[in-house]
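Open your viewer and get ready to select things by chain and residue number. We will go stop by stop.

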Amino acid sequence: MSEAALPPLETQGPRFGIKKPEQRQDIQGDLSDAARVDTAMREFVRDFGAVAATYMESCVHCGMCAEACPFYVETGDPKYTPIWKIEPFKQAYKREVSPFAFFMRAFNLKRKVTLEELEQWQELIYDSCTMCGRCTLICPMGIDIASLVGLARHGMHKAGLVPHELWAAAERAEREGSPLGATPKVFKERVEWMGDESDVAMHMDLEQADVLVTMSSIEIQKYPQALAAVAKVLNHMGLSWTFRSDGYEATNFGLLSGNADWQKDMSLKLINAAIACKAKVLLLPECGHAYSAMRWAGANVYGKPLPFKVRHISEFLGEHVADGSIRVKKDLDTTVTFHDPCQVARRGGVFDAPRVVLAALGAEVRELQDNRGMSWCCGGGGGVISIHRADAIRYKAFQIKMRQVDATGAAMLVTSCSNCRLSFDDSQAHFHWDKTAHSLLEAVADHLDEAPPKPAAAVPSPGSVTP
Amino acid sequence: MDLLSFARGPALQWALVIFVLGSLWRLAGILLLRRKPDYTEPRSRATWRGALKLIVTRTWSRREFRASTAFGQSLGYVFHIGLVVVVFGFVPHILFIHSLTGLQWPGLPSSIVYVSGALTVAALVAALVRRLSNPVLRLLSNFDDYFSWLVTVTPVITGLLAVAHLGARYETLLAVHILSVCLLLAWLPFGKLMHVFLVFISRGTTGALFARKGAST
Amino acid sequence: MNTQRDPTVLESFQQQGLSRRAFLKFCAATASLLALPAARAAELAEKLAGMPRPTVIYLSFQECTGCLESLTRSFQPTLESLIFNTISLAYNDTLQAAAGEAAEAAREDAMRKAWGKYVLIVDGAIPRPEDGAYCVIGGRSALDLLRHAAEGAAAVVAVGTCAAFGGIPYAAPNPTGAASVQDLVGDRPVINISGCPPIPEVITGTIVYFLGFGVPELDAQRRPTMFYGTTIHDRCYRRPFYDKGLFARSFDDEGARNGWCLYELGCKGPVTYNSCATMKWNDGTSFPIQSGHGCLGCSEPNFWDGGGFYRPLSSGLWHGGIGEGLGVAAVAGVAIGGAAAVAARQRQKRTTEAGKKPPEAP
């Protein structure tokens, strides 16, 4: 499917979008209606393993998941009930693969999914779900509803039923290497530019380095100072590190749009680059789904354990602030509240690292009422921020965040995901809010203590990085 | 054969056969599906502990969720606990289980069981009203939800009628009660009532997978 | 020609040396036994006073004679007053002095004389196969004897559970093909007085009631509701213990010694209709539960096959255990479920292969 077939994209504004918003094309490809449904069903069937089946058999329709979802809580619309979002997927499972599937089909106890249903469900599977996983936490049966949404997207994608912007971004990322136009050429240019601007030594395409540094296109294009920040910190640590123009894009729009093949392509680029430069650590940037894609799925698309460790920049910072290999000045003399990115904290397991960093920076941390694993989603993850028709409900969902941040009374808001940052920026503009989301990485880079280290402090070897 | 002998005999026997066969069919059919190996570096290897932990801790809501879930969850607990008291605390029931398994334990005073039964029916009716009036639940609910409700409340009601000797001759009431239990047993493997087994498997699965990642539970 | 009229019941009493007053007391006592109001006692007296002693034929088939033994223990009316004063018992294997062909002839003669008017009492079940060859008395099958006797009867009273429902001969596997009276007699009123044996006064009371007032109100099992209208459980003096949940666990434990409910020890009181808990036995002395043993349910059909006298009512009624059947069900369940999973996995493989084919041309 070529770029020319879709209405042109807008990549220069504060947010990714399409140039003519009224010309949406939320159905891709020329499949017949029947073929579309069949394709969706086939893909659904491929994804029904024992774990997904366990989950889909276990729902007792208690409705509690709705109370955890920011989209339901702030709109009151029952269609945003998380388990309802995968209803066609669940129905397909029961009809095709469940233990009694034969009878379901023979007596038509579960109808075949129709194209109308899939079209209706597109907004539930994409627009109103960031796969933040709060629903997973509330479900009394322990169903990981968020993972089921991710699986359902596979079928939707293959059937050509992805929301326009998300499809276009994913297609672009697969073709060009970046959803936002940060091609390898552009990447190298911006790295060089940031290196000059901030007077930081940059390493690009080294043959060998202990740390492979990856970035998100959001940082490269919108917050390029992150390039300088990470370089500064790693140079401060004295580590051997490199960017690689053959593997740098950590966001994974294959994962977000539901294209498993593209997800694999995008992950393999990073994995192969890390292998090529014999890296011991693949460092992921401030991005949430990048962590999910590489830390908790990378080895599985690779087909075997990875020959290097995968770390999120926030957990990396936390660990090395703690062991002294990153020295910061304790002069962030202000009250700070931290927004935990859903995929890094709740879904990923990184909770304490940001607090360690903030404490070392001298900040007085005022936790959100719902913090760490219980933090409310900013509403922009999972590709939602790219879908313009979802703006209305995203802003509604964001209101919880605003209320909670304001309630802490903290002067500064910090997070460690550039997509969250994008979502905060966009909502800040929409609501004329007075809080800006700041980057944890940039905070560390801005407060590095470059005074020579005390003699006893050892330079850590990257191989010793521990989670 | 009179109705009571039929209920206590062939009906109960076949109901138990269907219950056992159907439950194991469903569980095997789920658990023997494809499992993909996980090659990612675990944060923790204590997955069994994680599984057991989540089985226990998911029994109540996390603090942050309590306000919004308190009513529904409490209602659920009233009838679940009520059912446990009635099914496992009433001496004639204990004797039935004894005839099936050989296990036995002391029973509760019958009046406590009767009160519990009445509360169970009240809570089940309230839960049905809630299911019909709450927009989220109305959207989600299907035949399974309503039929499972019916199949659960009927034994409790017929049991109460039987001990009260209300509505027909006692042996008829007893037969109807036992037949309603047969229906419950026969239906259980095929609808949402299967959660009596799946709750451990589903919670355990998530507990294990999330312990591996160190993710929030 | 001999025109001597048979003496009336009253006259029989008087011939025995009992006064009219004694006769009236008999009627009052019997009416009281039947829980009839006072007015009906007078009615009974008037009826019996004026009628000759009705002919009663008592036939015994597949029985243990326990029912007759019970009948002989009746306190009101006593057996003697019954057979000497109230009825004319023309035939009873056990009680009669005569035997052999003379006895048979006397029976036929009495039946002929009172054809259409005599009361036929039957105890014991009747085997059907081989033309009734499994019970033959004096060369005639029970089947044949019953059919013939029932033809001329005004009513048939089936005494004991064997006659009423088949009883012990009918119990599984019923090798003789035993049947009950009501299985065989369709065109005469049948009154079942079930019990193994029935309470003496229930037998005699029902007979006298019939003589005075005809067929009493019967339940669905054709038993007189005046005696079989409520369950043992409904009248049991240990009911408060059942309601409280206090049960004897074994025959000599604390509960048993304290007179707690015998449900757990297999009492079938809740589903047994009889008067044991009120009238009791031996003129109101006691009844099984009072003596510490659970009710067997002996006045109910198929009580022998009710799961066991010591297995509680709530236990399953499976003969020969259920473990094996459930074991087979378990194995079958896992096998079928496994097959379903395998089939699903095949589907997935085929789907994955199909998905790898090039997509439809745009």
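A salt bridge here is a side-chain nitrogen of Lys or Arg within 4 Å of a carboxyl oxygen of Asp or Glu. Side chains of opposite charge can pair when their charged atoms come close.

Some ground rules. This is a predicted model, where local features need pLDDT of at least 70 and side-chain atom pairs count only at pLDDT 80 or more, while totals for chains, interfaces and linings use all residues. Residues are numbered from 1 along each chain as its sequence is written, chains are lettered from A and ligands numbered from 1 in the order in which they are written, and side-chain values use heavy atoms, with hydrogens and water left out.

**Stop 1: chain A against chain B**

Select chain A and chain B together. How many salt bridges are counted between chain A and chain B? The count is four. Now zoom to Arg43(B) and Glu315(A). Their side chains meet in a salt bridge, 3.4 Å from N to O.

Next, show the whole contact (heavy atoms within 4.5 Å). Chain A brings 64 residues to it and chain B brings 54 residues. The two chains bury about 4900 Å² between them, and 61% of that is on carbon and sulfur atoms. Buried area is the accessible area, found with a 1.4 Å probe, that two parts lose on being put together, summed over both. Highlight His61(A), Phe100(A) and Trp296(A). These three supply 14% of the area that chain A buries against chain B, more than any other three residues.

**Stop 2: inside chain B**

Hide everything except chain B. Its secondary structure comes to nine helices and zero strands. Helices (H or I, at least four residues) and strands (E, at least two) are DSSP runs, numbered from the N terminus. Along its principal axes, the C-alpha trace of chain B spans about 65 × 35 × 35 Å.

Select residues 63-89 of chain B for helix α3, then residues 91-101 for helix α4. The two helices pack at an angle of about 65 degrees, with their axes 6 Å apart. The axes are lines fitted to C-alpha atoms, for helices over the stretch in contact, and angles run from 0 to 180 degrees between N-to-C directions. α3(B) and α4(B) are therefore roughly perpendicular to each other. Angles of 65 to 115 degrees count as roughly perpendicular, those under 35 as roughly parallel, those over 145 as roughly antiparallel and the rest as oblique.

Which residues meet here? From α3(B), pick Val86(B), Val87(B), Phe88(B) and Gly89(B). From α4(B), pick Val91(B), His93(B), Ile94(B) and Ile97(B).

**Stop 3: chain B against chain C**

Bring chain C into view beside chain B. The contact takes 35 residues from chain B and 40 residues from chain C. The area buried between chain B and chain C is about 3300 Å², with carbon and sulfur atoms giving 62%. Look for salt bridges between chain B and chain C: the count is zero.

**Stop 4: two cis bonds in chain C**

Most residues other than glycine have a negative phi, and most peptide bonds are trans. Select Gln76(C) and Pro77(C). A cis peptide bond joins them, with omega about -5 degrees. Pro77(C) sits in the loop between α4 (66-72) and α5 (79-86) of chain C.

Move on to Ala172(C) and Pro173(C). They too are joined by a cis peptide bond, with omega about 5 degrees. Pro173(C) is in the loop between α10 (167-170) and β8 (178-179) of chain C.

**Stop 5: the domains of chain A**

Colour chain A by domain: domain 1 (33-161), domain 2 (174-321) and domain 3 (325-446). Domain bounds come from an automatic or database domain assignment.

Keep domain 1 and domain 3 of chain A. Their centres, taken over C-alpha atoms, are 30 Å apart. In this pairing, 26 residues of domain 1 are in contact with 25 residues of domain 3. The rule finds three salt bridges across this interface. Now zoom to Asp144(A) and Arg347(A). They form a salt bridge, and their closest N and O atoms are 2.9 Å apart.

**Stop 6**

Select Lys435(A) and Asp406(A). Their side chains meet in a salt bridge (3.5 Å, N to O). Lys435(A) lies in the loop between α22 (418-431) and β10 (437-439) of chain A and Asp406(A) in helix α21 (residues 391-408), so the pair ties together parts that are 29 residues apart in sequence.

Finish at Asp199(A). Its phi is near 55 degrees, a positive value in a residue other than glycine. Asp199(A) is in the loop between α12 (184-198) and β3 (211-213) of chain A.
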